[in-house]
Every structure is written in C-alpha cells, then in structure tokens.
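Visitor: I am new to this structure and would like to know what stands behind the terms used for it. Please show it first.

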Amino acid sequence: MNSVTVRNLLVRGMLAGLAAGVLALVVSYFLAEPRVDEAIAFEEAHAHEHGGEELVTRAMQSTGGLATGILVYGVAFGGIAALAYCFALGRIGRFGPRASALLLAAAGLFAVYVVPFLKYPANPPAVGDPDTLNQRTALFFLMIVLSVLLTVAAVILGKRLAARLGNWNASVAAGAFFVLTVGLAYAFLPSFNEAPEGFPATLLWQYRLATLAIQATLWTVYGLVFGVLAERLLAPKPATAEGKAPEARATPVAH
Amino acid sequence: MAQSAVAQPTATTPAVPAKLPIGAIAPWAVFFGILMLVLLYFVGAEQGATSLVSGEGVHEWVHDARHLLGFPCH
C-alpha cells in the first residue's frame with residue numbers, strides 16, 4: 001500500500017516536472033534565448049578563427065535541443081523532488097500535502113540552484129575558459145551536493161533544537177548554521193571570472209537574471225502542480241468511508 | 001480558548017499527512033533516483049568534462065539548455 005503511494009507520487013512528480021518544464025521552456029525561449037544569441041554574436045565578432053561546419057544548427061539548438069534539455073531536466077528533478085517529498089511528508093512539521101509540496105519546491109530552488117548560482121553563476125556562450133571546464137564542472141556539482149546536504153542538515157538541526165529553543169529561535173539558529181557553513185564554502189572554494197575583455201556587463205547580468213527566472217518558473221510551477229496532484233492522491237475530497245485515510249494519523253506526535 | 005480557535009479550521013483544511021515508511025521509499029529512491037541522476041548527467045555534463053559517448057552530438061544538441069540551466073558548458 002505504502003509502496004503504491006510512493007510509486008503514485010513519483011509518477012505525479014515526473015508529470016508535474018514535465019508541466020513545469022514546459023513553462024520554463026517558454027520563459028527560456030522568449031526571455032533567455034535572445035541573450036544567448038547576443039552572446040554568440042559577440043563570440044563570433046571576436047573569434048580569431050572559426051572551425052568548420054556546425055554539427056547542430058543554431059535553429060535546432062534553440063528549439064528542439066533546448067526543449068529536450070529543459071524537459072528532461074524538469075522530469076528528472078520532478079522525480080527526485082517527489083522522492084524527497086515522500087520522505088518529507090509528515091516529517092517536516094504540521095503541513096498538509098499542498099503546503100509541503102510548495103515548501104519542498106522552494107527549498108529545491110534555493111538549494112539546487114540559488115545557493116550554487118551565487119558562487120558559480122550561469123555563463124553565456126563566449127564566457128568561460130575551456131581549459132578550466134573540468135574544474136568548473138566538478139566544483140559546480142560539488143556546490144550543489146554541498147548546498148543540498150547543508151539544507152537538509154539545517155532542517156534537521158532546526159527540528160532538533162525546536163524542542164529546547166522554541167520554533168523561532170531554532171529556525172534562526174538553523175539559518176545561522178546554514179549561512180555560516182555555506183559562507184565557508186564560498187570563501188574557500190576557488191572562483192572563476194572568465195568574461196572576456198569587452199564582454200558587455202549588462203548582457204551578462206541580463207543573461208544571469210534570465211537563467212534565474214527559468215529556475216524560479218520551473219520550481220514554482222512544480223510546487224503548485226505537484227501540490228494539487230499530491231493532495232488529490234493523499235487527501236481525496238469525498239469525506240466518506242475514509243477510516244484509514246490520513247485522519248487516522250492526523251494528530252502529529254509532538255516533538 | 002486559543003486551542004479551540006486553532007482547532008476549528010482542521011475540519012476543512014487537510015490534516016497533516018501520515019509518514020511513509022523509509023522501507024517503502026528506499027527501493028524507488030535507489031532505482032529511480034539513479035535513473036534521474038543519469039538523465040541530469042546527460043543534460044548537464046556529458047561530452048563536457050567527461051564523455052561516455054564519443055563525438056560532440058549530445059553536447060551540441062543540449063548546448064542551449066546546458067547554458068541556460070547553469071551548467072558549465074565550455
């Protein structure tokens with residue numbers, strides 16, 4: 001029974017991720033693609049030599065290729081977040097299915113994108129030295145893992161301290177722990193500033209804001225859609241004949 | 001007094017859902033978790049820092065998505 005619930009939530013998570021991916025794709029296409037084209041125009045204007053024919057045309061990259069990447073990313077994170085949701089359900093405090101989904105999505109946006117982004121922001125074409133690619137890739141993934149683990153640790157810490165300090169002070173302490181540890185990671189991990197000479201600062205700024213808008217769209221839509229789907233599954237509307245439904249365990253254990 | 005005022009809306013708002021046992025989540029988390037991470041790897045890093053499939057096709061196809069999702073691309 002429980003295993004079926006997990007499977008159903010996983011499927012709904014992936015569908016919600018797909019829906020979120022579609023809207024993120026719209027934002028990417030209209031808000032971010034023009035910036036990519038500007039960056040490529042800069043790159044070509046400043047390239048010393050340009051190698052051969054393209055394997056995939058720009059038209060395909062900015063449509064089919066973009067859609068593949070964003071939708072797969074949406075489905076994959078939708079599935080992962082749904083699994084995290086199965087775990088978080090009833091364990092993060094007194095939140096119903098919908099509120100839990102939105103909270104989880106906010107935490108996902110924060111931990112998976114915003115925190116790593118502040119250290120290793122997205123770069124448009126023309127920005128970035130191919131020689132440091134390996135290092136940048138490893139550090140970017142490291143930063144995501146670190147950020148997710150520290151977020152989970154901060155939540156657990158907050159829950160543990162809540163009994164002794166009360167919710168407010170425990171949350172402040174958990175937040176301080178997170179800021180301190182992430183701050184240390186920011187301070188000690190290497191940084192990269194590889195914008196070429198003369199690359200427009202406004203373009204870089206707009207590009208990075210656009211990537212943030214894509215992620216904000218993705219996670220917000222995910223949280224809202226998945227919340228509705230999860231609530232329908234976990235707390236169906238008709239209130240008849242539901243002896244074993246969530247109500248049975250409704251009174252949460254005080255912690 | 002305050003108790004009853006708070007308890008009132010629980011009749012309409014959904015109750016706190018039951019916890020799902022870790023044992024029921026684990027198998028799904030392991031298999032699908034890894035599958036999802038493989039998908040993310042192909043979107044985010046294949047034929048960049050590391051390469052499982054030879055050539056540049058995957059990299060070039062997801063090039064824009066990789067840039068816009070924040071992954072280091074080149």
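Visitor: Which residues have the most contacts inside the largest nonpolar core?

Guide: This is a predicted model. Its largest nonpolar core holds 77 residues, and those with the most contacts inside it are A:Tyr73, A:Ala81, A:Ala82, A:Leu83, A:Tyr85, A:Cys86 and A:Tyr222. Helix H2 of chain A, residues 58–88, contributes the most to this core, with 15 residues.

Visitor: What makes this set of residues a nonpolar core?

Guide: The set must consist of buried residues of kinds such as Ala, Leu, Tyr and Cys, joined through C-beta atoms within 7 Å. The 77 residues form the largest such set. The core draws at least three residues from each of domain 1 and domain 2 of chain A.

Visitor: Where are the bounds of domain 1 and domain 2 of chain A?

Guide: Domain 1 is made of 1–47 + 58–127 + 200–236, and domain 2 is 130–194. Their centres, taken over C-alpha atoms, are separated by 20 Å. In the contact, domain 1 of chain A takes part with 10 residues and domain 2 of chain A with 13 residues. The side of domain 1 that touches domain 2 has 9 nonpolar residues, no polar ones and 1 charged.

Visitor: Why is H2(A) called largely enclosed by the rest of the structure?

Guide: A residue is buried if 20 or more other C-beta atoms lie within 10 Å of its own. In H2(A), 22 of the 31 residues are buried, so this helix is largely enclosed by the rest of the structure. For chain A with its 255 residues, the buried part is 36%.

Visitor: Where is the kink in H2(A) centred?

Guide: The kink is centred on A:Gly65 and is about 35°. That value is the angle between axes fitted to the seven residues ending at a residue and the seven starting there. After H2(A) comes A:Gly90, with a positive phi near 75°.

Visitor: What does A:Tyr73 touch?

Guide: Leaving out residues up to four places away in sequence, A:Tyr73 touches A:Gly21, B:Leu40, B:Val43, B:Ala65 and B:Leu69. A contact requires C-beta atoms within 7 Å.

Visitor: How many residues of chain B are in contact with chain A?

Guide: On the chain B side there are 39 residues, in contact with 56 residues of chain A. Helices H2 (22–44), H3 (57–61) and H4 (63–68) of chain B each supply at least two residues of that side of chain B. H2(B) gives the most, with 10 residues. By class, the side of chain B that touches chain A has 26 nonpolar, 8 polar and 5 charged residues.

Visitor: How many helices and strands are there in chain A, and how many in chain B?

Guide: Chain A has 6 helices and 0 strands, and its elements run α-α-α-α-α-α from the N terminus on. Chain B has 4 helices and 0 strands, in the pattern α-α-α-α along the sequence. Of the 74 residues in chain B, 36% are buried.

Note on methods: Residues are numbered from 1 along each chain as its sequence is written. Chains are lettered from A and ligands numbered from 1 in the order in which they are written. This is a predicted model: local features need pLDDT of at least 70, side-chain atom pairs count only at pLDDT 80 or more; totals for chains, interfaces and linings use all residues. Two residues are in contact if their C-beta atoms, placed from the backbone, lie within 7 Å. Ala, Val, Leu, Ile, Met, Phe, Trp, Tyr, Cys and Pro count as nonpolar, Asp, Glu, Lys and Arg as charged, and the others, Gly among them, as polar. A residue is buried if 20 or more other C-beta atoms lie within 10 Å of its own, exposed if 12 or fewer, and partly exposed in between; C-beta atoms are placed from the backbone. Domain bounds come from an automatic or database domain assignment.
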